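Welcome, and please have your viewer ready. Open the model, colour it by confidence if you can, and follow along from stop to stop.

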Amino acid sequence: MSEPADRRYGPATLPRPRGPLSAAVVEALRRPPHDLPTGLGADLDPADPITDEDLQLTLFLCYELHYRGWHGVDESWEWQPTLLALRAHAERSFEAALRRLVGSPPVPAAGVAAGLTELVAADNGPPLAATLQRRANLSQFREFVTHRSVYHLREADPHSWALPRLGGPAKAALVEIQTDEYGNGRLDRMHAELFRCTLDRLGLDTTYAAHLDAVPAVTLATNNLMSLFGLHRRLRGALLGHLAAFEMTSSLPNRRYGNGLRRLGFDEVATRFYDEHVEADAVHEQIAAHDMCGGLVRVEPALASDVLFGAAAGLAVDRLFAAHLLDRWAAGRSSLRSPAPSAALSPAPPTVPPTVSLTARASAVVASRASAAGASPVEPAVA
């Protein structure tokens, strides 16, 4: 196994176990690849797989082998047959829970893009973004950023699993979205790097997966959901639906997050990640719904229901995530399992008004879509 010169980008440090199954996996990964004990995980039957700490960490341990890997762990574990079998067993429990949670959203006669718009419009989750904008204190905002770091430090990677599984218009649309996410080839504009700057400004560890031990199962579930969809070709429609819902509900919350940081006195370096998403995602939501998901379903009509399932599942798990944070804060408690690792420097809050770059492009794309549809664009109802 190789040892990178710069550990900021991974591999991740193995986390602490959260139950007997994750403990067995962590212990196995510390050794050379070998067959796991027969029957390991056979009694896995959590009451709520989505919030079960042991199951969600077990899935994350398995999935991370397909991303940056684990520090000190033999890379051959990625395709070890008995570990893959254990992962599949845990995935069946997780996927069944997701399908119980959201059912099978109907595909409207107007098509999959209209179905996505209906799901987003009906999404009335807890007002997490509004709370962060108006009332959250610095400790609570740092907790929120800690939770989101698990995804944002590898932003866009889970959805990129779809690229080799697509062709035609859907692939072209996904490439357009992902190109923006990856900063058009510029490291300093990659969204993961912009988020690393936000972490740094808030005095938090910027190392890849540094906060894994601190976040609860529901946060891991928001990430495992993307990996489940991304690593199974049969769920490619769900993966694109998840991305579409993600983009369609992103612009207004990100404006609120940025405003919340400004209220707390932070500068444009801290807010740039959120400010960039305000405009970028106004573009992306149109591309994702019409060109990407619509393009997929025009080529593969049978995947329409999968697209809406993925969108509904993503929205539902995000509601659970938001409720967890707000419920804990309302009770005067931390939303984390343990304190988040801090960086060496404390946050510095100078005030410089931010600039964003994609307003003209966003307006043009939104206007074009609205004109093509013969109606004004619908703004999703988000908290």
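This is a predicted model: local features need pLDDT of at least 70, side-chain atom pairs count only at pLDDT 80 or more; totals for chains, interfaces and linings use all residues.

Residues are numbered from 1 along each chain as its sequence is written, and side-chain values use heavy atoms, with hydrogens and water left out.

**Confidence.** The protein chain averages a pLDDT (the predictor's confidence in each residue, from 0 to 100) of 90, and 89% of the residues score at least 70. Now select residues 345–383: pLDDT stays under 50 there, and the model has 71 contacts (heavy atoms within 4.5 Å) beyond four places in sequence for this stretch.

**Backbone stops.** Most residues other than glycine have a negative phi, and most peptide bonds are trans. Go to Gly 10 and Pro 11, which are joined by a cis peptide bond with omega of about 0°. Pro 11 sits in the segment before helix 1 (20–29); helices here are DSSP runs of H or I, at least four residues, numbered from the N terminus.

Next, pick Asn 184, in the loop between helix 8 (168–181) and helix 9 (191–201). Asn 184 is not a glycine, yet has a positive phi of about 50°. Then move to Ala 209, in the loop between helix 9 and helix 10, where phi is also positive, at about 60°. Are these two residues buried or exposed? Asn 184 is exposed (over 50% relative accessible area) at 52%, whereas Ala 209 is buried (under 20%, with a 1.4 Å probe and protein chains only) at 18%.

**Ser 227.** Select this residue in helix 10 (residues 217–230). Ser 227 is buried, because its relative accessible area is 1%. Leaving aside neighbours within four places in sequence, Ser 227 touches Tyr 63, Tyr 67 and Arg 154.

**His 232.** Step on to the loop between helix 10 and helix 11 (236–248), where His 232 is found.

**A helix pair.** Finally, display helix 4 (residues 112–122) with helix 13 (residues 268–299). Val 112, Ala 113 and Leu 116 in helix 4 meet Ala 289, His 290, Cys 293, Gly 294 and Val 297 in helix 13.

Methods
Helices (H or I, at least four residues) and strands (E, at least two) are DSSP runs, numbered from the N terminus. Axes are lines fitted to C-alpha atoms, for helices over the stretch in contact, and angles run from 0 to 180 degrees between N-to-C directions.
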